[in-house]
Amino acid sequence: MKVPVEILLHSERRTLELVYEDGVRAEFTHEFLRVNSPSAEVQGHSPEEAQLQVGKRDVAIASIEPIGNYALKIGFTDGHDTGLFSWDYFEELARTKDVRWETYLKDLAEAGASRDPNDPANKPFEPKPRTRCGGH
């Protein structure tokens, strides 16, 4: 497990950059991190349960909280904050970034959805309001 020695949030560019002791840098857009959140809300409990993330082009990181020595909890401006990004997961994201992004764009196109938060075509993919236990 590689642990970054610096975590840089570039608000204007909307990127998060991790810098490692060996000088290697990994940079991710806020949107990329949001649509690849490791949370069950995004990934599901199996690949079949994964939820296509639509309209996230303008999302930004609102908060970053270190979790022990192994992860970051990232909160986004759309309210999503349930994913714990472990250092191992960041390494995986860095290795697979290009393929993940191309797959995401392809999945959006095939679904007829878009990155645009105002695109009416995204309506069918937006999460349904949750009801509380007991149907209240």
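Colleague: Is Lys56 buried or exposed?

Modeller: Lys56 is buried, because its relative accessible area is 14%. Buried means under 20%, exposed over 50%, partly exposed in between, with a 1.4 Å probe and protein chains only.

Colleague: Before we go on, what kind of model is this?

Modeller: This is a predicted model: local features need pLDDT of at least 70, side-chain atom pairs count only at pLDDT 80 or more, and totals for chains, interfaces and linings use all residues. Residues are numbered from 1 along each chain as its sequence is written, and side-chain values use heavy atoms, leaving out hydrogens and water.

Colleague: Back to the lysine. Where does Lys56 lie?

Modeller: In the loop between α2 (40–43) and β4 (61–67). Helices (H or I, at least four residues) and strands (E, at least two) are DSSP runs, numbered from the N terminus.

Colleague: And what does Lys56 touch?

Modeller: Not counting residues up to four places away in sequence, Lys56 touches Glu31, Arg34, Val35, Asp78 and Arg115. Contact means heavy atoms within 4.5 Å.

Colleague: What about Val5, buried or exposed?

Modeller: Val5 counts as exposed, because its relative accessibility is 53%. Val5 sits in the segment before β1 (6–10).

Colleague: Which residues is Val5 in contact with?

Modeller: Val19, Tyr20 and Glu21, leaving aside neighbours within four places in sequence.

Colleague: Switching to aromatics. How many aromatic pairs are there?

Modeller: Rings of Phe, Tyr and Trp (its six-membered ring) pair if their centres lie within 6.5 Å; planes under 30 degrees apart count as stacked, over 60 as edge-to-face and the rest as tilted. By this rule there are seven aromatic pairs. Phe85 and Phe90 form a stacked one, 5.6 Å centre to centre with 25 degrees between the planes.

Colleague: Are Phe85 and Phe90 buried or exposed?

Modeller: Both Phe85 and Phe90 are buried.

Colleague: Which residues form the aromatic cluster?

Modeller: Phe28, Phe32, Phe85, Trp87, Tyr89, Phe90, Trp101 and Tyr104 form one cluster.

Colleague: Now the whole chain. What pattern does it follow?

Modeller: Along the sequence, β-β-β-α-α-β-β-β-α. That is three helices and six strands.

Colleague: What does the C-alpha trace span?

Modeller: About 50 × 35 × 30 Å along its principal axes.

Colleague: And how many of the residues are buried, as a percentage?

Modeller: Buried residues make up 33% of the 136 in the chain.
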